[in-house]
Amino acid sequence: MIGQDHILSADAPLGRMLAADKLSSLILWGPPGVGKTTIARLLADASDRHFVQISAIFSGVPELRKVFDAAKTRQRTGQGTLLFVDEIHRFNKAQQDGFLPHMEDGTIVLVGATTENPSFELNRALLSRAQVLVLHRLDAGALAELLDRAEAATGRPLPLTEDARAALVAMADGDGRAMLNLVEQVASIDVSTPLDAKGLAGRLQRRAAQYDKNGDEHYNLISALHKSIRGSDPDAALYWFGRMLEGGEDPRYLARRLVRMAVEDIGLADPQAQSHALHAWEIYERIGSPEGELALAQSVIYLALAPKSNAGYVGYKQARAAAKQTGSAPPPHHILNAPTTLMKEQGYGAGYAYDHDAEDGFSGQDYFPEGTGRLSFYDPPDRGFEREMRKRLDWFDKLREKRRSGA
């Protein structure tokens with residue numbers, strides 16, 4: 001087994017389980033081609049259990065019932081069963097619940113494999129009875145070792161220069177199964193001299209980078225893009241932006257998220273950021289791909305280098321929380337309109353000071369509900385355009401205090 005030493009070594013989870021001869025049910029979570037099926041087969045051999053493999057894509061309740069009945073028969077003869085379920089996240093909740101009694105009574109040791117986050121795709125009852133182990137994509141060293149072993153198995157060296165070997169490893173992109181498939185293709189090539197990296201690229205197509213527009217990679221990469229922009233790193237932001245486009249992401253989704261970043265992380269520190277993001281989105285809609293992506297890329301750079309502030313975002317959330325807490329507290333009477341005689345008699349509008357008639361165009365009256373006191377939500381930092389907002393806020397606070405002391 002190549003790679004995954006973090007779970008397979010003697011002091012790692014699987015190493016300790018096998019040493020103690022206490023193999024529990026497992027969920028193996030990792031990208032394709034990193035050894036999930038291989039590990040399950042090796043665990044069955046090491047624990048002397050009968051290996052059964054099914055796929056959630058092609059199996060239903062009748063197939064599962066047959067598997068469980070056969071496992072019970074083996075159990076009566078002293079033979080355990082390791083049931084490997086590929087793509088286990090494809091089973092619905094009821095089907096997942098069907099494993100539970102057979103796991104609890106020892107009929108099977110379940111090893112499920114998934115490329116999706118188990119926290120979202122598997123129900124809690126199943127997760128509480130199985131240990132989740134995370135498998136990593138194979139690094140360049142592991143893929144190079146796999147290449148050496150595969151080359152040895154063919155009985156002759158592959159017709160590749162050193163640069164071409166490195167390029168072949170890069171083409172596999174962390175996927176061991178892809179690495180073996182590429183080796184098979186190269187082994188079938190008949191050439192008189194070794195291929196260099198350019199010659200290899202002409203014979204083989206680089207496999208597409210792993211990207212699922214509805215899966216973990218989608219959320220991982222948009223998180224990386226968002227945090228790179230928040231962290232004012234335009235180069236990293238452009239990289240993740242490019243990764244998502246290369247993976248087939250809809251540019252409109254990225255345009256929408258850029259507007260959200262401008263609102264959430266830049267806000268009033270640079271009021272032009274929101275307009276810039278919206279204009280980039282509009283340009284994309286008008287001229288389409290591929291030219292439109294350039295406008296979005298420029299927006300990525302602008303947002304990354306803009307001053308950052310979440311003061312508006314924080315203030316908004318605090319105001320919503322306060323509004324929820326105060327319930328139906330009415331506005332003070334002096335700022336209510338009084339279109340009827342009865343409402344005037346009730347004091348609606350009494351004492352209202354028209355700000356345009358006041359000195360400096362500011363009356364300093366209280367506009368919060370009676371009894372709540374004055375609340376503060378917006379606290380702009382001293383950077384970007386919000387330096388000016390801070391000056392204005394402080395100026396109005398001083399005027400408000402002056403009006404109150406004068407009253």
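Predicted model: local features only at pLDDT ≥ 70, side-chain atom pairs only at ≥ 80, totals over all residues.
The overall form comes first. The secondary structure of the chain amounts to 20 helices and 5 strands. With a radius of gyration of 32 Å, well over the 22 Å that the globule rule gives for 407 residues, the chain is more spread out than a compact globule. Its C-alpha trace spans about 95 × 60 × 40 Å along the principal axes. Of the 407 residues, 40% are buried. The chain exposes about 22800 Å², and carbon and sulfur atoms account for 52% of that area. Among contacts between residues at least 6 apart in sequence, 72% link residues at least 24 apart.

Next comes the question of open space. Rolling a probe the size of a water molecule over the atoms shows where such space is left. The second largest pocket holds about 440 Å³. Its lining comprises 20 residues, and those nearest the centre are Gly 33, Val 34, Gly 35, Thr 38 and Arg 177. At least two lining residues come from each of α3 (36-46), β4 (109-114), α9 (140-154) and α11 (176-187). Sorted by class, the lining has 8 nonpolar, 7 polar and 5 charged residues.

Two of the residues nearest the centre of that pocket, Val 34 and Gly 35, are also in contact with Leu 135. Leu 135 sits in the loop between β5 (131-134) and α9. Its relative accessible area is 3%, under the 20% cut-off, so Leu 135 counts as buried. Beyond its neighbours within four places in sequence, the contacts of Leu 135 include Gln 4, His 6, Ile 7, Trp 29, Gly 30 and Pro 31, along with Lys 36 and Ile 39. Leu 28 is another contact of Leu 135; the two leucines are 107 residues apart in sequence, yet their C-alpha atoms are 6.8 Å apart in space.

The backbone deserves a look as well. Most residues other than glycine have a negative phi, and most peptide bonds are trans. Gln 4, one of the contacts of Leu 135, has a positive phi of about 65° although it is not a glycine. Gln 4 lies in the segment before α1 (5-8) and, at 5% relative accessibility, is buried. Asp 48 likewise has a positive phi, of about 55°, but this residue is exposed, at 62% relative accessibility. Asp 48 belongs to the loop between α3 and β2 (49-55). Finally, the peptide bond from Ser 289 to Pro 290 is cis, with omega near 0°, and Pro 290 falls in the loop between α16 (272-287) and α17 (291-305).

Terms used
Residues numbered from 1 in each chain as written. Heavy atoms only, no water. 1 Å grid on protein atoms, 1.4 Å probe; cavity = no way out; pocket = protein on both sides within 12 Å on 5 of 7 lines; lining within 4 Å. Points joined across faces, edges and corners; volume = space filled by probe spheres on them. Helix = DSSP H or I, 4+ residues; strand = E, 2+ residues; numbered from the N terminus. Nonpolar A, V, L, I, M, F, W, Y, C, P; charged D, E, K, R; others polar. Rg over C-alpha atoms; globule rule 2.2 N^0.38 Å. Buried < 20%, exposed > 50% of the residue type's maximum accessible area, 1.4 Å probe, protein only. Contact = heavy atoms within 4.5 Å. Areas by Shrake-Rupley, 256 points an atom, 1.4 Å probe, with all protein chains shown as cover.
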